[in-house]
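Subject: Structure handover and findings

Dear colleague,

Please find below the structure for your review. My notes on what was found in it follow directly after.

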Amino acid sequence: MGSIVLFGPPGAGKGTQAQRIMEHTGLPQVSTGDMLRAAVKEGSPIGLEAKSYMDRGALVPDDVILGLIEDRITHADAVNGVMFDGFPRTIPQAEALQNLTEITHVLAIDVPDERIVERICGRSTCGTCGTVYHDTFNPVPPSGCSCGSYVEKRRKDDNADTVLTRLSAYHDQTSPLADWYDAIGLFHPVNGDRDIAEITEDLLELLN
Ligand code: ADP
Ligand code: ADP
């Protein structure tokens, strides 16, 4: 089996779906956003370089991202492929990826712009296990997170202003990848403006 790309605008539900389909594919989720946030927290040189871009909602330069990916896919758990979440986001990133690993599916979660702000502004994650929640659409159960020790985490860039910059970066730099992947027969769009479980069903069907 090769690798899968989860594609879509910020807040489309890529991470949410990755967590759900991981149980079926066994492929690890590789989120460049999560890797960058870990680098920022650590204060590593990559983190220091990435922070100003992330804080304003701009894309981090391709060479930084590709360095992270080249290292990540050498880890033992990536031997059968991975599920990329939030990568690639530019045509040069996609071109470089073709030389690194085989991509079998690009699963695109389509969500209209007017839904994105409400999704992102209501997002939280459990700081212990990373489960993604939404204040309205996917709330933390009254009994707490299934991991047993819920710690609420909210991202600094999940605010209404930065979302608009992130959306315009998506339209300018990332959305051209849809045609690029379609031209090589890998692109599979699904309607992401539905219940989380219905989307998961469609994605699993595409992977069968
Ligand atoms: P991404 O990884 O694409 O940025 P997330 O998976 O973090 O997106 O989802 C963004 C927010 O939207 C989260 O709060 C999540 O709970 C919520 N969400 C995800 N999928 C749906 C859906 N189908 N309907 C409503 N809310 C959703
Ligand atoms: P979301 O999908 O919710 O927008 P991510 O966690 O994927 O958020 O990304 C957060 C930020 O990290 C982006 O706004 C961008 O600054 C940076 N980033 C993540 N992945 C990439 C990438 N592949 N290329 C460039 N920048 C990236």
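In ligand 2, an oxygen atom is 3.1 Å from an N or O atom in the side chain of Arg166. Please bear in mind throughout that this is a predicted model.

**Ligand 2**

The side chain of Arg155 also takes part here: one of its N or O atoms is 3.1 Å from an oxygen atom of ligand 2. Ala58 contributes through its backbone, where an N or O atom lies 2.6 Å from an oxygen atom of the ligand. In total, 19 residues are found around ligand 2, and those that come nearest are Thr32, Arg37, Ala58, Arg89 and Arg123.

**Ligand 1**

Ligand 1 is surrounded by 20 residues, of which Lys14, Thr16, Arg123, Tyr133 and Arg194 are the closest.

- A polar side-chain atom of Arg123 lies 2.6 Å from an oxygen atom of ligand 1.
- In the side chain of Lys14, an N or O atom is 2.8 Å from an oxygen atom of ligand 1.
- For Gly15 the backbone is involved, with an N or O atom 2.9 Å from an oxygen atom of ligand 1.

**Arg123**

Is Arg123 buried or exposed? Arg123 counts as buried because its relative accessibility is 19%, and the cut-off for buried is under 20%. Its side chain makes a polar contact of 2.8 Å with the side chain of Asp158. Setting aside neighbours within four places in sequence, Arg123 is in contact with Val132, Tyr133, His134, Arg154, Arg155, Asp158 and Arg166. Of these, Arg155 and Arg166 were named above for their side-chain atoms at 3.1 Å from an oxygen atom of ligand 2.

Thr32 is buried, with a relative accessible area of 4%. Beyond four places in sequence, its contacts are Ile65, Ile69, Asp85, Gly86 and Phe87. Pro88 itself is found in the loop between β3 (83–85) and α5 (91–98).

**Helices α2 and α3**

The axes of α2 (residues 32–42) and α3 (residues 45–56) come within 8 Å and cross at roughly 115°. The crossing of α2 past α3 is left-handed. On the α2 side, the contact is made by Gly33, Leu36, Arg37, Ala39 and Val40, and on the α3 side by Ile46, Gly47, Ala50, Lys51 and Met54. By class, the residues of this contact divide into six nonpolar, two polar and two charged.

**Leu167**

Leu167 lies in helix α7, which spans residues 160–174. With a relative accessible area of 6%, Leu167 is buried. Apart from neighbours within four places in sequence, Leu167 is in contact with Pro9, Pro10, Asp113 and Ile116. Leu167 and Glu102 are 65 residues apart in sequence, and their C-alpha atoms are 28 Å apart in space.

With kind regards

Methods
Residues numbered from 1 in each chain as written. Chains lettered and ligands numbered in written order. Predicted model: local features only at pLDDT ≥ 70, side-chain atom pairs only at ≥ 80, totals over all residues. Heavy atoms only, no water. Buried < 20%, exposed > 50% of the residue type's maximum accessible area, 1.4 Å probe, protein only. Polar contact = N/O pair within 3.5 Å; in protein donor to acceptor, adjacent residues only side chain to side chain. Contact = heavy atoms within 4.5 Å. Axes fitted to C-alpha atoms, helices over the stretch in contact; angles between N-to-C directions. Helix = DSSP H or I, 4+ residues; strand = E, 2+ residues; numbered from the N terminus. Left-handed = near helix turned anticlockwise from the far one by under 90°. Nonpolar A, V, L, I, M, F, W, Y, C, P; charged D, E, K, R; others polar. Near = heavy atom within 4 Å.
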